[in-house]
Amino acid sequence: MCLKPHYLNKITNYFLLFLNQERKKYKNMDEDKRNKIALFRYGTIAPVILGQIENGLPWTYFRSVQEKEFEYIDGSFIRVSPATLDRWYKSYKKNGLDGLKPNGRSDLGSTRKLDCEIKKEIEYYVDEFPRLPAIQIYEKLKSHNLIVNGSPSLSTVNRFVQYYRSKVGKKNIIEKRRYEKEHINEVWYGDTTYGPYMLDVGIKKRIYIIALIDDASRMVVGCKAYFEDNFINLMDTIKSAVTKYGVPKLLSFDNGANYRSNQMNLLAARIGVAINYCPVKTPTSKAKIERWFKTLRDQFLSSIKSGDYKSLDDFNNDLLAYVQKYNSTVHSSLDGVCPIDRFFQESQLIIRKTDKEIERDFLIEVERRVSADSVVVIDEKEYEVDYHFQGQKILIRYTPDLKNVYVVDRSDRTLIPITLLDKQANSHIKREKIRLAEMEER
């Protein structure tokens, strides 16, 4: 059947309208949502990237999971076709995590959303008042202004209430067994423990010790003390460990705020590492790092007296010396071998990154809007960017010490360095003036 010209024109116009709507969705999508979508896509192809499939053939894995339902960023469950998984895999191999950020559709798998605040509120009412009906929970959400203009709907809230009740109602017996990975750098466990108090500029502060231990060798691959237990200090410890001992396949953490953060997920995806979060109140899930912290307290921290250290650097020097001694001492579970010797027995398995890759991957990522005078603010410091970015939202990556700050080019993801605002230098720059005649010509 041949369509008449005016029908073809209508179809073409509808198609162009659809494309414009999709472009607007992408334009209005914030960077946080792009990152969440990229991390979701990374999770679906992670077994292939990390070499965890049996025969090593990506398409075999893609076909095997085509009926599996993956949890999307909005809490819904969707299926992904093998062709889509293959396209995401190739994009990651070519451009890393940035290749998985959407450049078209932004509504894949989306439904009416329940944001994190509403979900937490519903979970609170279900936990505290198990017999409270969903409609009363809905009314309480409305009274707290969490539901506005009927969105989300009662049916959406009711579905989540039923889902959460079925989830918490399952009481399964958990089988516990001792285990150990066969090879080094398969799993690193990370955690934080308390150290002693110390005076810092006349203020008494608690010391926090962040450590990473390899499962197979029991070697402490990273350990350092800080005055704050935050993501920046965690990233510093991971960066030091990766630089020295290569990239692990899996990082296993508890549910602390600095470990379970969006920045941590972005970092892991950039360096090609999976993350496992241990269930709440299950210290046995990371028994090896907990056991090492006990050894640290018994052999090192217990002998420290108030006033022994005048600076954090002095404390870290002695802490490093203790870690080196521990790694060089025969371990009871390693058949007469010390952790460092066990680790380097499989030195061929160490996957190292170049210095350039490490500096590129270990950056903080934020989104900022450029002011009308081409300035962005990061940690209360003003940086000047190209005037073409005025009024736009831009993606910025920077080192924790703010020594290097970059704008991410949206087109090819290259990093463009920016510098601190220099008002005095700007006062000597001649701006291009537009003459009246030129304005009339335009």
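1. Which residues touch the most other members of the largest nonpolar core? They are Ile238 and Met264, in a core of 42 residues. A nonpolar core here is a set of buried Ala, Val, Leu, Ile, Met, Phe, Trp, Tyr and Cys residues joined through side-chain atoms within 4.5 Å. Buried means under 20% relative accessible area, exposed over 50%, and partly exposed in between (1.4 Å probe, protein chains only). Helix α8 (residues 231-245) gives the most to this core, with seven residues.

2. On the source: this is a predicted model, in which local features need pLDDT of at least 70 and side-chain atom pairs count only at pLDDT 80 or more, while totals for chains, interfaces and linings use all residues. Residues are numbered from 1 along each chain as its sequence is written, and side-chain values use heavy atoms, with hydrogens and water left out.

3. Leaving aside residues up to four places away in sequence, Met264 touches Phe231, Leu234, Ile238, Leu251, Phe253, Asn258, Tyr259, Ile275 and Tyr277. Contact means heavy atoms within 4.5 Å. A second, separate core has 26 residues, among them Leu39, Ala46, Val65 and Leu85.

4. Helices (H or I, at least four residues) and strands (E, at least two) are DSSP runs, numbered from the N terminus. The buried residues of α10 are Lys288, Ile289, Trp292, Phe293, Thr295 and Leu296. They cover an arc of only 160° around the axis (taken from the directions from the helix axis to the C-beta atoms), which puts them on the same side of α10. The partners against which these buried residues pack are β3 (187-200), β4 (203-214), β5 (220-226) and α11 (312-327).

5. The structure holds 19 aromatic pairs. Rings of Phe, Tyr and Trp (its six-membered ring) pair if their centres lie within 6.5 Å; planes under 30 degrees apart count as stacked, over 60 as edge-to-face and the rest as tilted. Phe253 and Tyr259 make a tilted pair, because their ring centres are 4.8 Å apart and their planes stand at 45°. Phe253 is buried at a relative accessible area of 0%, and Tyr259 is buried at 2%.

6. Phe300 and Tyr322 form a stacked pair, 5.6 Å centre to centre with 20° between the planes. Phe300 lies in the loop between α10 and α11 and Tyr322 in helix α11, so the pair ties together parts 22 residues apart in sequence. Both residues are buried. They also belong to one aromatic cluster with Trp292, Phe293, Tyr309, Phe315 and Tyr326.
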